[in-house]
Amino acid sequence: MAPAEIDLRGIYRGLVIAPAGCGKTQLIVDALARHDAAKPVLVLTHTNAGVAALRGRLEKMGVGPAAYRAATLDGFAIRLISTFPQRAGHDPRIVSGARPNYDAIRNAAARLVAAGHLHDVLAASYERVFVDEYQDCSIRQHAFVTWLAQALPTAVVGDPFQSIFGFGGDPLADWQTAVVAFFPVVGELKTPWRWINAGAPDLGNWLLSIRTQLAKGVPIDLREAPPGIEWIHLDGRRDNALRLAAAAVDAPGDTKVLIIGDSTDPRGQRRFARQVDGAVTIEAVDLRDVTDFGAALDLGDPNALSVVASFAENLMSNFSADDLLRSIASARAGTLGRALSGIEHAAIGLEEKKSFRAVVDLLVAINQAGGVRCYRPAVLAAAQRALQLAGSIGGPSFRDATVAIREQARLVGRPLAPRSVGSTLLLKGLEADVSVVLNAGVLNARNLYVAMTRGSRRVLVCSDSPILNPAW
């Protein structure tokens, strides 16, 4: 990585446009590495995993914790209104309730800073503010940051072409009328470092060029792409086989592959992970299948074994919940006609012991059985941790344990397996040597751009035509 093209420390209030792979994170890291003022820089981003990743990178660079304070936007908002509850004047239940009311939290934090009472406190605590991934800021988050920017010099970094998230009742801030109107553009990163560092500069330059084309609504002709782009022609007859072959692309050594499916079809993503050898899913941070399992499992219910087996079937290939239940019924009736397998022994143990330990034993037995492969390891690991927590002395209910484990999972980054399957929503911010875009023809311009920029050496694009003309 070359020296940063722009010094964030010199920006009083402004925006740096940072296309994918052009060194956005390094820009922030370099600024913090050179920061030598007495007060730290406040660095805000959107996820706890993003905070953890930034801290890890700064630690590798030898940047001490005294140089910065990193937090999520919502976490910092909660900290402010909780530190000054009387001035914030909010209902404490918006923070302490079973589920935080983030819309109300953002509103309360913006009102608190807008009143001006904290300007001196903020100025005494921090030298300036950096905000990462600004394209993902909602209207309320943007309002909060604009008030912070009236107390501290503030530089924000983002790329409107990677704006693919939404916030339900709190939509994204409009880039031109809200973001750029308040944070004028002071510079744009233009060097494709991700691909230069990977030895594929032509691929990086081409991806930068199509960003401009996509923004103007100009179609992309894959036949004019450099060798790093490979078009997989979906012919309407063998599409599934062609996609599976692309997803199984040769990846020697420590090569990492990202397989990018349809955001609206998580079951389809899991199907590919199940069918492609070595592939695993990237899971959403809400780990809904784990918390649903926590709500469904009642060890006192006669159907507990069925609940556990169905959960396992949804995570592992070559295992059938119905087959296991039939075998256990036959064993109970004395008609099985053979010795019990390891899975069947564990299943009977669960029915007899009715303990969380027995549930773990059954899941382990299924996972270790010959021919079985877990293609959703993050879900299995989270469920096992929750079962252990619930089974500990004085532990919470299993339902509460799954929620606690989910919240812990939000604090750490997602490890990238050698071959990972997900959607643009789940894979944005990640990169690998190879990306495989399974449904390029149905992606809009921004999702297509995010999908194609995940691969640093090679990009396989599956579509029925080499000419892509996505909607905005």
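Tutor: Let's start with D103, which is partly exposed at a relative accessible area of 27%. Keep in mind that this is a predicted model.

Student: What does D103 pair with in a salt bridge?

Tutor: The general idea is that side chains of opposite charge can pair when their charged atoms come close. Here, D103 and R140 form a salt bridge, with N and O 3.7 Å apart. The two sit in distant parts of the chain, R140 in helix α8 and D103 in helix α6, 37 residues apart. R140 is partly exposed too, at 23% relative accessibility.

Student: Are E133 and K24 buried or exposed?

Tutor: Use the cut-off: under 20% relative accessible area means buried. E133 comes in at 17%, so it is buried. K24 has 13%, so it is buried as well.

Student: Which residue does R194 form a salt bridge with?

Tutor: Its partner is E431, and their closest N and O atoms are 3.4 Å apart. This pair links parts of the chain 237 residues apart: R194 is in helix α10, and E431 is in the loop between α21 and β14. Salt bridges can also share partners, and in that way D74, D103, R106, R140 and D170 are joined into one network.

Student: Okay, pockets next. How do I find empty space?

Tutor: Rolling a probe the size of a water molecule over the atoms shows where empty space is left. In this structure, the second largest pocket has a volume of about 260 Å³. Its lining has 15 residues, and P160, F161, W175, R446 and W472 are the ones nearest its centre.

Student: Which helix gives the largest share of that lining?

Tutor: That would be α11, with 4 residues. Both α9 and α11 supply at least two residues each. By type, the lining splits into 7 nonpolar, 4 polar and 4 charged residues.

Student: And where do nonpolar side chains go?

Tutor: In soluble globular proteins, nonpolar side chains tend to be buried together. The largest nonpolar core in this model has 41 residues, and L297, V359 and L362 touch the most other members. Among the elements giving it two or more residues are α14, α15, α16 and α18. A second, separate core has 37 residues, including I17, I105, A110 and V113.

Student: What does L362 touch?

Tutor: Leaving out residues up to four places away in sequence, L362 touches L305, V308, I343, A346, A347 and L350.

Student: Last one: how do I read a phi angle?

Tutor: Most residues other than glycine have a negative phi. L287 is not a glycine, yet its phi is positive, about 40°. You'll find L287 in the loop between β10 and α14, and at 8% relative accessibility it counts as buried.

Student: Where does N318 lie, and what is its phi near?

Tutor: N318 lies in the loop between β11 and α16. Its phi is near 60°, again positive in a residue other than glycine. At 65% relative accessibility, N318 counts as exposed.

Notes: Residues are numbered from 1 along each chain as its sequence is written. This is a predicted model: local features need pLDDT of at least 70, side-chain atom pairs count only at pLDDT 80 or more; totals for chains, interfaces and linings use all residues. Side-chain values use heavy atoms; hydrogens and water are left out. Buried means under 20% relative accessible area, exposed over 50%, partly exposed in between (1.4 Å probe, protein chains only). A salt bridge is a side-chain nitrogen of Lys or Arg within 4 Å of a carboxyl oxygen of Asp or Glu. On a 1 Å grid over the protein atoms alone, a cavity is a set of points where a 1.4 Å probe fits but cannot get out, and a pocket is an open set with protein on both sides within 12 Å along at least five of seven lines; lining residues have an atom within 4 Å of a point. Grid points are joined across faces, edges and corners, and a volume is the space filled by probe spheres set on the points. Ala, Val, Leu, Ile, Met, Phe, Trp, Tyr, Cys and Pro count as nonpolar, Asp, Glu, Lys and Arg as charged, and the others, Gly among them, as polar. A nonpolar core is a set of buried Ala, Val, Leu, Ile, Met, Phe, Trp, Tyr and Cys residues joined through side-chain atoms within 4.5 Å. Contact means heavy atoms within 4.5 Å.
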